[in-house]
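Here is a short report on one protein model.

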Amino acid sequence: MNAGETQRAPWIVGVSGASGTPYAAAVLRGLLEAGQDVDLVVSRASRLTLLDETGISFRDAHWRDDLGQWLSRGADGKPGTFDVDLARMRYWNAGDLAAGPSSGSYPSKGMLIVPASTACVAGVALGLSKDLLQRTAAVTLKERRRLVVAVRETPLNGQTLRHLVTLDDHGASVVPASPAFYAGATHIQDLVDFVAGRVLDAAGVPHGLYRRWKGDLGGARTT
């Protein structure tokens, strides 16, 4: 690295196989809009979910085109809703356990798992590291970097609740994908953006994805 050159330290976003790919898209757009560098890990299971929820096939050899198509789509499925610049994006195959994020010496600000399936939660809590997503989460925890887990499942059984408590004990932020209505939502995108905004709040990334509570009762109805 040349003198005066700033070392790239991205946020790593892991997308697991839980339903909720619009949440991941909104988080990725929010990070890029905030001027953040982003590394993306898409699990094998999440490719099936993405195909089911959007009709988009995520291909390693064409990840930039497929990602651009995904992120430009609104939560209602309408294509071309958003303009997205992918210049600050980098993609890693979930099966590549020699990838940069698999090592603690790889610089990063932290990791956001959105959405996080119960299987992903269990794997991270137990330290299984069966793929790059889980391995990166383990590295994030051991290096004491910020880990945000946006769990998307209902109902939650006792085993998953115990896994979530374990993650909390290890310093992770558990952010259930639970939309709120006080922000004046009038569209499905508003509900998705609220969850994405709370994920970014937990990471300390500034954004304008939802109307914040200011103590004014009835404010949502006048938004």
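Buried means under 20% relative accessible area, exposed over 50%, and partly exposed in between, with a 1.4 Å probe and protein chains only. S117 has a relative accessible area of 15%, so S117 is buried. The model is predicted: local features need pLDDT of at least 70, side-chain atom pairs count only at pLDDT 80 or more, and totals for chains, interfaces and linings use all residues. Residues are numbered from 1 along each chain as its sequence is written, and side-chain values use heavy atoms, leaving out hydrogens and water.

S117 sits in the loop between β4 (110–116) and α4. Leaving aside neighbours within four places in sequence, S117 is in contact (heavy atoms within 4.5 Å) with S16, G17 and A18.

Now the helices. α1 (residues 21–33) and α3 (residues 63–71) pack at about 100°, with axes 9 Å apart. Angles of 65 to 115 degrees count as roughly perpendicular. α1 and α3 are therefore roughly perpendicular to each other.

| Helix | Residues in the α1–α3 contact |
|---|---|
| α1 | T21, A24, A25, L28, R29 and L32 |
| α3 | L67, W70 and L71 |

Seven residues of this contact are nonpolar, one is polar and one is charged.

The largest pocket holds about 260 Å³ of space. Its lining has 15 residues, and S43, R44, A45, K130 and D131 are the closest to its centre. α2 (44–54), α4 (118–126) and α5 (132–142) each give two or more residues to this lining. The lining residues of the largest pocket divide into six nonpolar, six polar and three charged.

Notes. On a 1 Å grid over the protein atoms alone, a cavity is a set of points where a 1.4 Å probe fits but cannot get out, and a pocket is an open set with protein on both sides within 12 Å along at least five of seven lines; lining residues have an atom within 4 Å of a point. Grid points are joined across faces, edges and corners, and a volume is the space filled by probe spheres set on the points. Helices (H or I, at least four residues) and strands (E, at least two) are DSSP runs, numbered from the N terminus. Ala, Val, Leu, Ile, Met, Phe, Trp, Tyr, Cys and Pro count as nonpolar, Asp, Glu, Lys and Arg as charged, and the others, Gly among them, as polar. Axes are lines fitted to C-alpha atoms, for helices over the stretch in contact, and angles run from 0 to 180 degrees between N-to-C directions. Angles under 35 degrees count as roughly parallel, over 145 as roughly antiparallel, 65 to 115 as roughly perpendicular and the rest as oblique.
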